[in-house]
Amino acid sequence: MTLTAPLDHSAATFWQQFHATADPVERRRAQFFALLAEGRPMGEVLQTTGYSRVTAYALIRRYRERGLGALRDGRQDNRGAPRLLTDEQRQALHERLQADAGRGVMWSGREVQTWLREQYGLTVHLGRTYEFLRAAGLTPRGARARPDADPAPTTDRTARSPDSGWKWS
């Protein structure tokens with residue numbers, strides 16, 4: 001993609017944006033378009049701004065679609081991924097873990113995975129279950145099994161040794 005059509009705004013407009021904003025991303029984009037609007041060669045503009053050719057053409061495409069709004073850095077508006085569990089689900093899990101711990105039953109991450117699937121139909125990565133256990137105030141307890149240890153662990157949570165599972169910290 002080359003810059004065949006002129007930009008919709010003048011270099012003065014882009015320089016005004018450049019001086020008006022404190023956001024470094026927006027300033028750099030405004031500088032890029034101001035230099036292009038002045039008719040500078042693409043190679044010089046790329047060298048001055050530090051943009052790659054691929055990024056420059058992506059910015060031009062965004063500018064053609066959005067106008068001056070393409071100069072904005074939209075990352076601060078990105079709220080991220082939604083939470084895996086609602087507040088009610090987290091509270092229910094916490095209460096269940098607390099009740100079982102009161103009876104001496106310690107949960108593993110795999111058991112939290114199974115409970116979430118059975119209760120809410122959620123498929124949760126094992127690593128995230130450890131976050132839930134820590135958020136509930138539990139910490140890992142005991143040494144991890146060695147690779148040459150007995151491969152047939154018990155499935156009865158009450159029959160485990162007191163050093164396995166998670167404990168309240």
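**Helices, cores and salt bridges in a predicted model**

Arg29 sits in helix 2; helices here are DSSP runs of H or I with at least four residues, numbered from the N terminus. The model is a predicted one, so local features need pLDDT of at least 70 and side-chain atom pairs count only at pLDDT 80 or more, while totals for chains, interfaces and linings use all residues. Residues are numbered from 1 along each chain as its sequence is written, and side-chain values use heavy atoms, with hydrogens and water left out.

Back to Arg29, which is buried but has no salt bridge. Buried means under 20% relative accessible area, exposed means over 50%, and partly exposed is what falls in between (1.4 Å probe, protein chains only). A salt bridge, in turn, takes a side-chain nitrogen of Lys or Arg within 4 Å of a carboxyl oxygen of Asp or Glu. For Arg29, the nearest side chain of opposite charge is that of Asp73, 4.9 Å away; Lys and Arg count as positive, Asp and Glu as negative, and His and the chain ends are not counted. What the side chain of Arg29 does reach is the backbone oxygen of Arg72, at 2.7 Å.

Asp73 does have a salt bridge, though: its side chain meets that of Arg75, at 2.9 Å from N to O. Asp73 is buried, at 8% relative accessibility, whereas Arg75 is exposed, at 60%. In total, seven salt bridges turn up under this rule. Glu38, Arg40 and Glu44 are tied together in a network of them. Another joins Glu131 to Arg128, with the closest N and O atoms 3.0 Å apart. Both of these residues belong to helix 7 (residues 126-135), where they are three residues apart, or about one turn of the helix. Glu131 is partly exposed at 40% relative accessibility, and Arg128 is partly exposed too, at 34%.

Helix 5 covers residues 87-102, 16 residues in all, and reaches 22 Å from its first C-alpha to its last. That is close to the expected 22 Å at 1.5 Å a residue, the expected span being 1.5 Å times one less than the number of residues. Its buried residues are Gln89, Leu93, Leu97, Asp100 and Ala101. They span an arc of only 100° around the axis, so they lie on the same side of helix 5; the arc is taken from the directions from the helix axis to the C-beta atoms. On the face turned away from that buried side are the exposed residues Asp87, Glu88 and Gly102. Asp100 pairs with Arg103 in a salt bridge of 3.0 Å, N to O. Asp100 is buried, with a relative accessible area of 1%, while Arg103 is exposed, at 59%. Helix 5 is followed by Gly104, which has a positive phi, near 85°.

Then there are the nonpolar cores, that is, sets of buried Ala, Val, Leu, Ile, Met, Phe, Trp, Tyr and Cys residues joined through side-chain atoms within 4.5 Å. The largest has 20 residues, and Phe14, Phe32, Phe33, Leu36, Met42 and Ile60 touch the most other members. Helix 1 (11-20), helix 2 (24-37), helix 3 (42-49) and helix 4 (53-66) each give this core at least two residues. Helix 2 supplies the largest share, six residues. Another core, of 13 residues, lies apart from this one, and its members include Trp115, Leu116, Leu133 and Ala136.

Notes:
A polar contact is a pair of N or O atoms within 3.5 Å; within protein, one must be able to donate a hydrogen and the other to accept it, and residues adjacent in sequence count only if both atoms are side-chain atoms.
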